[in-house]
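This report describes selected features of one protein model. The sequence and the structure come first, and the text follows them.

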Amino acid sequence: MADLTMAAFWAGLLAAIAYLPLSARSPGLLRSAAKTAPLVGFAAAAWLAGAHPFLTAALLLSALGDLALSRPGRRAFNYGLAAFALAHVLYTLLFTAIAGAALWSAFAEAPVFAVATIALSLSTEIWLAPHAAHLRWPLRIYIVLITAMMLSALTLPAAFLATTLGAAAFLASDLLLSLQVFRMAETSRFRAPASWAVWGLYIGGQALIVWGLTQA
């Protein structure tokens, strides 16, 4: 990466670390700004590196998703879910374009991981959907889209291993977030550690996606 690109990338990572002490605060402008800043930094790094416009757009949509999820209320959550869903669509289109392969190629390139991804997606009908109430169908659509994103990442050539690992970390963060939001009691002593783990997997995943697509 060039100097300005590296500066934007590391600024995003430092902003992600700076957000951690604020993550336990009640919703507010400072907390929202701190949560949004890391992905803005990553988007700037992608743009400065001359990466595909879909990468920059997906990162900006993720920043909008972070902003929405930092705000209270059902409507904000729905906006965040929609923003991340669109980001996954762009990632899927980008990864398949780079690989020059269809989604089902993942079953030939990485059969074990592809089958595991599908199995994990289907398992949400057991442990997530019955607890999602009015969000059952929006979450089902989101799960289809993030599954497609993961399968498309599995089609990437070996030179993009960092990006594939980043997609897996992103998927893991959403899995843990689903458990926290829909299955974990508000009084659970695991909620705070889960929040940190979700943030770490998410930021690490997005950082690896950016790094892999700008360095390969």
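Glutamate 125 forms a salt bridge with arginine 140, and their closest N and O atoms are 2.8 Å apart. A salt bridge here is a side-chain nitrogen of Lys or Arg within 4 Å of a carboxyl oxygen of Asp or Glu. Because glutamate 125 lies in helix α6 and arginine 140 in helix α7, the pair ties together parts that are 15 residues apart in sequence. The structure holds 1 salt bridge. Helices are DSSP runs (H or I, at least four residues), numbered from the N terminus.

This is a predicted model, in which local features need pLDDT of at least 70 and side-chain atom pairs count only at pLDDT 80 or more, while totals for chains, interfaces and linings use all residues. Residues are numbered from 1 along each chain as its sequence is written, and side-chain values use heavy atoms, without hydrogens and water.

Aspartate 66, in helix α3, is buried but has no salt bridge. Its nearest side chain of opposite charge is lysine 35, 5.0 Å away; Lys and Arg count as positive, Asp and Glu as negative, and His and the chain ends are not counted. Leaving aside neighbours within four places in sequence, aspartate 66 is in contact (heavy atoms within 4.5 Å) with Lys35, Thr36, Leu39, Phe84, Trp199 and Tyr202.

Buried means under 20%, exposed over 50%, and partly exposed in between (1.4 Å probe, protein chains only).

| Residue | Relative accessible area | Class |
|---|---|---|
| Glutamate 125 | 37% | partly exposed |
| Alanine 133 | 55% | exposed |
| Tryptophan 47 | 63% | exposed |

Alanine 133 is found in the loop between α6 and α7. Its phi is positive, about 50°, although alanine 133 is not a glycine. Most residues other than glycine have a negative phi.

Tryptophan 47 lies in helix α2, which covers residues 29-48.

The largest nonpolar core has 56 residues. Such a core is a set of buried Ala, Val, Leu, Ile, Met, Phe, Trp, Tyr and Cys residues joined through side-chain atoms within 4.5 Å. Helix α7 gives the largest share of this core, 9 residues. Phe42, Leu55, Leu59, Tyr91, Phe95 and Ile203 have the most contacts inside the core. Beyond its neighbours within four places in sequence, phenylalanine 95 is in contact with residues including Met149, Ser152, Ile209 and Leu213.

Technical notes. Helix = DSSP H or I, 4+ residues; strand = E, 2+ residues; numbered from the N terminus.
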